[in-house]
Amino acid sequence: MVRKTLIAAVLASAAIAVSLLATTSTTATAAQPTVVGVPIERTPVPAVESGRFTVTTPRGSGEMPIETSLDWSMPQPDITRAVIVIHGWSRRDMRSARNAARRAGDAAAHTLIVTPQFLIPTDITAHALPGNVLRWTLNDWSDGHDAEGPAPLSSFDVLDAIFARLADRQRFPQLREVVLAGHSAGAQMVQRYVALGRGAALLDRERIHVRFVIANPSSYLYFDRRRPSANGTFAVDKDASCPRVDQWKYGLSGPLPRYAGTSVNTLRVERRYLASDIVYLLGTADNDPAHPELDRSCAARAQGATRYARGLAYFGYLHMLDRRVGQRLLEVDGVGHHSSEMFSSPPGLAALFGFVDEAQPAAKRLSIHP
């Protein structure tokens, strides 16, 4: 079994601990108006991205608010990397990727930044948006469920469509790498998409590498009922008072998103996930068990007390499943639940702009032995 003390020791020696560079940029969430007594994620966003991207499937079509750093409807022969960043629960942190690109300097040259915005009905009403703009319930977009309107499209359908656009060699003849990153609820979405998403196969056919960056999610998708226990091992959770512990989005049982189909092969999903290029980005100060946006359901608490603890535990779980897994964990020292600070930190820049191995060579193949 994997011992808690060994996990901590190995992760401490392998995970990077780099102090955050001072930043003068202001995030979109910093100056947001709030309504007294109403959580910010339930209030309308102050601004909606001006760009539109049409997503079409046999189930219908809808317009997705989106911002791109270049006109991606036209050929972009100089682009070699695309970085897609998914916002958090409040749908406001829309500039963290651009802030990171500016800080990265030459490392972000020839990079297309893509930032979709997953709206909820409150946003649609407040901004008098037309009926063809996609909208989800507050929690459904990050879980891969279908939109409320104008068509029942999964948020994963949106990512498929973005990947399909980037796989178009007429538009991106030199594209070599796509990075899909998310923070908080956006990271939860990205992590589940790694397991079920179909878009990466389109890029793989064009020999375009895909890396996923998962930053400070509130919970993770596990592939069986084992969860971290108090003695540092992973054991089957037998808490009868928490039936959701292994249901979607915490596990693969129970009702899955329509996108997944009628059933999934759990072993196949697990193997594909373990073979994916994933970087876990954890803020060491994201350790508040009472954070207002932390998932404190029994299913989430079974994974650990805080986002930081849950991330370390999940990384240990992966190495219990496969000691040879090549995924990496990067720590951002002293940073809490803040998307722009996470992605603009040295580890964040490494994860987004392609020099992860130089940032943390010891974590390329981290093995935790029984």
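## Basis and confidence

Residues are numbered from 1 along each chain as its sequence is written, and side-chain values use heavy atoms, with hydrogens and water left out. Because the model is predicted, local features need a pLDDT of at least 70 and side-chain atom pairs count only at pLDDT 80 or more, while totals for chains, interfaces and linings use all residues.

The chain averages a pLDDT (the predictor's confidence in each residue, from 0 to 100) of 87, and 86% of the residues score at least 70. Over residues 1-34 the pLDDT is below 50, as is the case over residues 360-370. Where pLDDT is low, the predicted coordinates should not be read in detail.

## Burial

Of the 370 residues, 56% count as buried, which means under 20% relative accessible area, with exposed over 50% and partly exposed in between (1.4 Å probe, protein chains only).

## Aromatic pairs

The structure holds 15 aromatic pairs, that is, rings of Phe, Tyr and Trp (its six-membered ring) with centres within 6.5 Å, where planes under 30 degrees apart count as stacked, over 60 as edge-to-face and the rest as tilted. Phe156 and Tyr259 have ring centres 5.4 Å apart and planes at 80°, so they pair edge-to-face. Phe156 is buried at 0% relative accessibility, and Tyr259 is buried at 3%.

The rings of Tyr222 and Tyr314, with centres 5.0 Å apart and planes at 80°, are also edge-to-face. Tyr222 is buried, with a relative accessible area of 0%, and Tyr314 counts as buried at 0%. Ring pairs link both into a cluster whose members include Phe223 and Phe315.

Technical notes: Contact means heavy atoms within 4.5 Å.
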